[in-house]
Amino acid sequence: MMGLINRKKHQQHSKSEDPSDQTDNSSLKTRDDCNNNVVKQFFIALLLAPVLYYTFVIASSIREADISRHAARKDDFNWSQESDGLSLIINFGSDDDVSGLPYNLGPHRVAVSLYREQDIVSCQDNLPVRLRITGDALLEIPMSKRRSDEFEDYWTGSFSLPIEGSYKVEATWEECAARTAGSPSKEKREYDFKVAGKKEYTPKIVGRVGRVNEYYPYIVGGVNEYTPMIVGGVSSTKGAWIAAGKVKYDKDISASPSFTSQQYLWADPAKVAEGKEMTVLDGREKSIVLKESIVADDTAFYEFTQLSNYEVVCWIGSKSAEDIWGSFKSLRGQLFPHQRPFKFHYYPATSFTQPDPDKGWSTSFRKCKHILISLDEPDEPLSQLEYKNQVTTFINHLLIAFDEEHTFPALIWMFTTMESPVDTKNCHDAYMERTSTEHPCNDVLKSMFISSPFPSRVRLLDNTDLTSAKMGEDRESILAAIALRVFVFVGHQVKVWRDVGQVGGIKGLTKNGVTEPNYELVSYDWT
């Protein structure tokens with residue numbers, strides 16, 4: 001037995017010690033493997049040949065398309081002020097990757113970057129670049145502030161054009177450090193371009209072109225940006241400032257006593273594109289407004305005819321409120337001539353803390369059922385924090401003066417400021433970080449109403465779509481459009497009241513056949 005085991009061990013040891021046998025076996029195995037691999041590779045190559053061919057074709061097409069896209073974007077607006085630490089880029093959307101063709105309606109993307117520390121500090125969260133589009137329509141390019149590790153300070157935005165046509169970018173750069181030093185220097189650049197497209201469009205995703213563009217908020221899918229919108233809870237036409245020559249009117253506006261060659265009119269872009277006539281209304285101080293530019297729901301609008309003598313509409317505020325009231329009165333005779341003027345009152349106020357220091361109207365104003373507040377010209381300019389605190393206190397006073405439980409449930413409307421965001425007097429020394437190109441007072445108002453510190457009958461009438469692009473210009477046209485909005489939401493509220501059987505009368509508030517007598521009018525104590 002031991003011999004057998006030793007013999008087997010010897011044989012195994014002999015095999016391990018015979019290199020010639022091991023080499024021969026390995027060589028044979030290697031030759032067989034190589035032959036098999038060659039055959040396999042040959043058949044694999046035959047199978048993959050069509051795939052490789054089409055991959056090459058697709059890759060070539062992608063590369064050609066990429067080159068075409070870059071060629072199409074070579075004319076995009078790019079303003080780099082290396083010495084001033086400024087970079088401004090606008091990437092226009094295009095439905096065709098062919099250089100020279102018009103851009104589409106949008107959205108078009110904008111990015112502005114500041115690099116120098118002195119500008120970032122001097123600007124104090126105010127964007128030193130103002131961007132506006134002129135031509136067949138007028139609009140501001142709103143910007144939002146963003147932060148990143150790569151850029152010290154940068155802003156992004158987007159815009160869409162309301163109608164196809166010819167346009168121009170107007171970019172104005174004002175160096176913040178020079179402005180702070182009292183010697184502001186401005187530089188302006190312009191860029192002409194054309195857009196073509198239908199009213200409804202699907203926004204194109206703009207690829208990353210350059211390092212700045214990776215911060216664009218990408219948009220997937222799209223909607224018609226000029227469909228009816230909600231203003232203060234009421235459906236309203238989403239208009240735009242359109243060149244007067246592009247609009248079709250129901251009469252010759254050049255013959256209108258209120259027309260003085262207005263370059264832009266607030267109009268419904270859909271009706272402009274369709275060539276539909278719009279109704280001309282003569283505003284105050286030689287201005288005009290188009291009815292269809294504001295009114296989206298005729299039924300609610302014409303409920304204004306049902307406004308009773310005891311559902312008084314009141315404006316409270318400074319010259320801004322008085323001017324809106326004046327524009328409203330100019331339109332009343334053309335729209336609702338039977339509604340008598342005594343229903344529409346103006347109460348002057350230049351302070352939120354002491355609105356009626358002489359007690360001239362603190363009793364009579366308690367008849368009001370619609371209260372409209374606009375106070376853009378206070379006695380003393382207010383800081384942003386003072387503005388917030390004083391507006392809050394003032395509205396709380398109104399809620400007490402018009403206690404919903406014991407009085408007619410009056411609606412209170414706070415209007416956004418009409419002051420240009422370029423040269424602001426109010427809301428200085430901002431306590432809120434500036435994250436947009438809005439007026440700092442409107443930043444406060446929007447923030448307040450988003451957080452909802454007031455009951456639902458206190459509402460914000462946001463008119464920044466009308467005011468932002470004008471930047472303080474053509475005030476009368478803005479006033480006329482805002483005044484027309486007043487007719488819309490007052491008419492809407494009258495309809496709401498009537499639908500629940502509510503009406504104000506000489507004997508008091510009647511609701512569902514039950515009349516609650518009017519409360520005794522006493523002077524309100526603002527302290």
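Which side chain makes a polar contact with the side chain of S477? That of D474, at 2.9 Å; a polar contact here is a pair of N or O atoms within 3.5 Å, where within protein one must be able to donate a hydrogen and the other to accept it, and residues adjacent in sequence count only if both atoms are side-chain atoms. Before we go on, keep in mind that this is a predicted model, with local features needing pLDDT of at least 70 and side-chain atom pairs counting only at pLDDT 80 or more, while totals for chains, interfaces and linings use all residues. Residues are numbered from 1 along each chain as its sequence is written, and side-chain values use heavy atoms, with hydrogens and water left out.

Back to S477, which sits in helix α11 (helices are DSSP runs of H or I with at least four residues, strands are runs of E with at least two, and both are numbered from the N terminus). S477 is buried, at a relative accessible area of 2%; buried means under 20%, exposed over 50%, and partly exposed in between, using a 1.4 Å probe and protein chains only. Not counting residues up to four places away in sequence, S477 touches W241, Q262 and S287, with contact meaning heavy atoms within 4.5 Å.

After α11 comes G501, with a positive phi near 70°.

Three strands make an open, antiparallel sheet in the order β23-β24-β25, where two strands pair if DSSP finds at least two bridges between them. β23 (502-505) and β25 (514-517) are the edge strands with a single partner each, so one side of each has no neighbour in the sheet. Four bridges link β23 to β24 (residues 508-511), and G505 has G508 in β24 as its bridge partner.

Elsewhere, S362 lies in the loop between β19 (344-348) and β20 (368-374). S362 is buried at 1% relative accessible area, and its side chain joins that of W526 in a polar contact of 2.9 Å.

Last stop: W79 in strand β1 (residues 77-81), buried at 1% relative accessibility. Beyond its neighbours within four places in sequence, W79 is in contact with several residues, including L86, W173 and R189.
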